[in-house]
Amino acid sequence: MKLWQGRFDEQPEPVFEKMNRSLGVDAVLLDVDIRASRAHARALLNCGILTQAEWQSIDKGLEEILLEYTPDQVKAMPYEDVHTFVEATLTQKIGAAGQKLHTGRSRNDQVATDFRLFVKKAIGLLVADIEAVQHALVESANKHAAALIPAYTHLRRAQPIRWSHYCRAFVEMFARDRERLMEAAGRVDVLPLGSGAVAGSNFPLDREAVARELGFARISANSLDATCDRDFVVEFLSNVALLMTHASRLAEDWILYSSDEFGFLELSEKVTTGSSLMPQKKNPDGLELIRAKAAVVAGVLSGFLSLMKGLPTGYNKDLQEDKVALLSAFENVRLSMTVLRFTIQTVELKTARMMKAAADSFMGATDLADFLVTKGVPFRASHEIVARAVRSALDQGKQLDEIDLREFSPFFADLPPDYLAPERIVARKALIGGTGAALSNSGTR
Ligand code: ARG
């Protein structure tokens with residue numbers, strides 16, 4: 001059955017039919033399509049298009065379809081898309097009344113409505129996934145409150161920080177991702193139904209009532225815009241691409257930190273694999289795949305932006321690909337966030353190795369320069385003095401705390417003996433936002 005056969009003499013070429021068919025992808029919209037159709041049927045009842053009896057049989061028929069079919073069952077059925085499946089199945093069930101359901105609407109406003117309902121739910125699920133990752137990070141931060149690691153710039157040891165400060169850096173990134181998704185949800189929350197194919201509907205549908213029934217905050221103001229607006233898809237993809245970018249940075253850090261060269265972390269065997277050839281290997285495949293999927297999701301964003309660019313105003317069939325794009329990104333992001341959470345929850349910290357690296361006293365060079373500043377030496381001069389000390393220690397193959405600093409400035413005679421201990425270096429950065437701040441040990445925000 002086709003929703004548009006009347007004008008045609010010929011049947012579509014099978015290969016075109018295969019291309020045109022979206023049911024394999026949009027079957028996941030089954031429940032939202034039925035919800036939206038039930039709301040539309042009520043609007044048709046309220047403007048006198050349906051009798052009470054017709055409305056009742058439509059409403060009941062739709063409810064039955066929801067109970068009788070799962071998206072997986074529907075996927076392989078011989079219909080063009082989920083809207084065709086629902087309408088055809090309804091008409092088989094209840095007869096003539098089913099043929100009245102599509103009055104005053106088009107698949108263009110219908111699919112935009114369905115997809116917005118879907119994306120609202122998807123955002124809710126992702127926000128919960130993000131919160132779970134944040135939670136795992138805060139737990140690790142609290143569990144290892146005394147652990148220190150080097151912070152790196154240019155991937156060279158820079159200054160020691162608390163492990164909790166490291167974890168909370170990602171809590172911050174993910175907080176912004178969560179915030180962005182929730183802000184974007186407000187712009188998804190608009191009902192297109194009632195926009196028809198492009199110009200609106202000839203029937204006085206109570207759109208506000210439909211919006212209330214479906215839980216939309218607002219109704220769209222312009223039917224031409226509403227039927228071809230996919231900003232919400234672009235925003236979703238852009239927000240998850242950035243979320244994945246953050247996840248990939250954590251993944252990359254941990255791939256390094258769990259290597260023999262760093263030796264800070266031991267990944268669980270549950271998220272690693274062995275080698276078919278090299279018996280000794282324990283590879284960080286979970287984290288590597290998160291890193292790769294970040295690229296794949298960014299590609300989906302880029303591809304969909306290209307699809308939208310220059311698209312003529314009004315609905316075009318190109319828009320059918322919006323589901324392919326968003327659903328694949330959504331699946332990859334959910335998988336990645338779940339694996340990431342599990343990886344964080346199961347990682348072991350090799351705190352002795354971390355501490356040893358954090359105790360590299362060259363990372364206290366800035367603190368030495370700042371010590372001289374407290375004695376009245378201008379920073380530019382103190383930087384120079386300490387740089388000479390660093391150079392001398394390097395030349396002698398010694399640590400910075402192993403040479404006599406008084407050779408470089410008499411003020412160093414007053415230097416407290418544990419001045420370069422990493423705990424002291426960390427504690428000194430006690431201002432808000434610093435690794436020594438009490439705040440860096442508080443709960444999530
Ligand atoms: N399957 C289509 C989509 O996902 C539904 C809308 C079809 N509209 C049309 N005028 N052919 O976009």
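Which residues are around the ligand? They are S22, D26, D81, H83, R107, N108, V111, Y315, Q320 and K323. A residue counts as near a molecule if one of its heavy atoms lies within 4 Å of it.

This is a predicted model, in which local features need pLDDT of at least 70 and side-chain atom pairs count only at pLDDT 80 or more, while totals for chains, interfaces and linings use all residues. Residues are numbered from 1 along each chain as its sequence is written, and side-chain values use heavy atoms, with hydrogens and water left out.

**The ligand site**

The shell around the ligand has two nonpolar, four polar and four charged residues. Here Ala, Val, Leu, Ile, Met, Phe, Trp, Tyr, Cys and Pro count as nonpolar, Asp, Glu, Lys and Arg as charged, and the others, Gly among them, as polar. Helix 7 (residues 107-143) gives the most to this shell, with three residues. Helices are DSSP runs (H or I, at least four residues), numbered from the N terminus.

Among the shell residues, N108 places a polar side-chain atom 3.0 Å from a ligand nitrogen. Q320 has a polar side-chain atom 2.7 Å from a nitrogen atom of the ligand. For K323, an N or O atom of the side chain is 2.4 Å from a ligand oxygen. The protein covers 86% of the 340 Å² of accessible area that the ligand has on its own. Such areas come from the Shrake-Rupley method with a 1.4 Å probe.

**Helix packing**

Two packed helices are described by the angle between their axes and the distance between the axes. Axes are lines fitted to C-alpha atoms over the stretch in contact, and angles run from 0 to 180 degrees between N-to-C directions.

| Helix pair | Angle | Axis distance |
|---|---|---|
| Helix 3 (residues 30-46) and helix 6 (residues 82-94) | about 55 degrees | 10 Å |
| Helix 11 (residues 231-257) and helix 13 (residues 321-346) | roughly 30 degrees | within 10 Å |
| Helix 11 and helix 12 (residues 285-308) | about 155 degrees | 8 Å |

Angles under 35 degrees count as roughly parallel, over 145 as roughly antiparallel, 65 to 115 as roughly perpendicular and the rest as oblique. Helix 11 and helix 12 are therefore roughly antiparallel. Their contact has 20 nonpolar, three polar and four charged residues.

Helix 3 and helix 6 make a right-handed crossing. Helix 11 passes helix 13 in a left-handed crossing. A crossing is left-handed if the near helix is turned anticlockwise from the far one by less than a right angle, and right-handed if clockwise.

How values were computed. Polar contact = N/O pair within 3.5 Å; in protein donor to acceptor, adjacent residues only side chain to side chain. Helix = DSSP H or I, 4+ residues; strand = E, 2+ residues; numbered from the N terminus.
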